[in-house]
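Work through the exercises below with the sequence and the model side by side. Try each task before you read its solution.

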Amino acid sequence: MSVLKVVEILSSSSESWEDAANKAVAKAGESLKGIRSVYVKEQTATVRDGKIAEYRVNVKLTFEVLD
């Protein structure tokens, strides 16, 4: 039987929401092993001079709790 845990992560990118989500998974993967899924809970952005300056995501990562 597997035991799974969910953590919430915030990440940002100057490129895209997809890049911000990829960065969240990559960074979390440095300390969390066995990440199984990512759920993008929220997407926001900051605007400067009439253009998007930073893409932000709030994601939930699911990973297996190891023995």
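**Exercise 1.** At the start of α1, which residue has a side-chain oxygen that reaches to within 3.5 Å of the backbone nitrogen of Glu18?

*Solution.* The residue is Ser16, whose side-chain oxygen lies within 3.5 Å of that nitrogen at the start of α1. Before going further, note that this is a predicted model, in which local features need pLDDT of at least 70 and side-chain atom pairs count only at pLDDT 80 or more, while totals for chains, interfaces and linings use all residues. Residues are numbered from 1 along each chain as its sequence is written, and side-chain values use heavy atoms, with hydrogens and water left out.

**Exercise 2.** Describe helix α1, and find out which of its residues are buried and where they point.

*Solution.* Begin with the extent: α1 covers residues 17-29, which is 13 residues, and spans 18 Å from its first C-alpha to its last, close to the 18 Å expected at 1.5 Å a residue. Helices (H or I, at least four residues) and strands (E, at least two) are DSSP runs, numbered from the N terminus, and the expected span is 1.5 Å times one less than the number of residues. Next, look at burial, where buried means under 20% relative accessible area, exposed over 50% and partly exposed in between, with a 1.4 Å probe and protein chains only. In α1, the residues Ala20, Ala21, Ala24 and Ala28 are buried. Seen down the helix axis, the buried residues of α1 fall within an arc of 100 degrees, so they line one face of the helix; the arc is that of the directions from the axis to the C-beta atoms. An α-helix has 3.6 residues a turn, so residues three or four places apart point the same way. Finally, the buried residues of α1 pack against β1 (4-13), β2 (35-48) and β3 (51-64), where contact means heavy atoms within 4.5 Å.

**Exercise 3.** Describe the geometry of the aromatic pair formed by Trp17 and Tyr55.

*Solution.* Rings of Phe, Tyr and Trp (its six-membered ring) pair if their centres lie within 6.5 Å, and planes under 30 degrees apart count as stacked, over 60 as edge-to-face and the rest as tilted. By this rule the count is one aromatic pair. Trp17 and Tyr55 form an edge-to-face pair, with 4.9 Å from centre to centre and 80 degrees between the planes. Trp17 lies in helix α1 and Tyr55 in strand β3, so the pair ties together parts that are 38 residues apart in sequence. Trp17 is partly exposed at 30% relative accessibility, whereas Tyr55 is buried at 17%.

Terms used: Polar contact = N/O pair within 3.5 Å; in protein donor to acceptor, adjacent residues only side chain to side chain.
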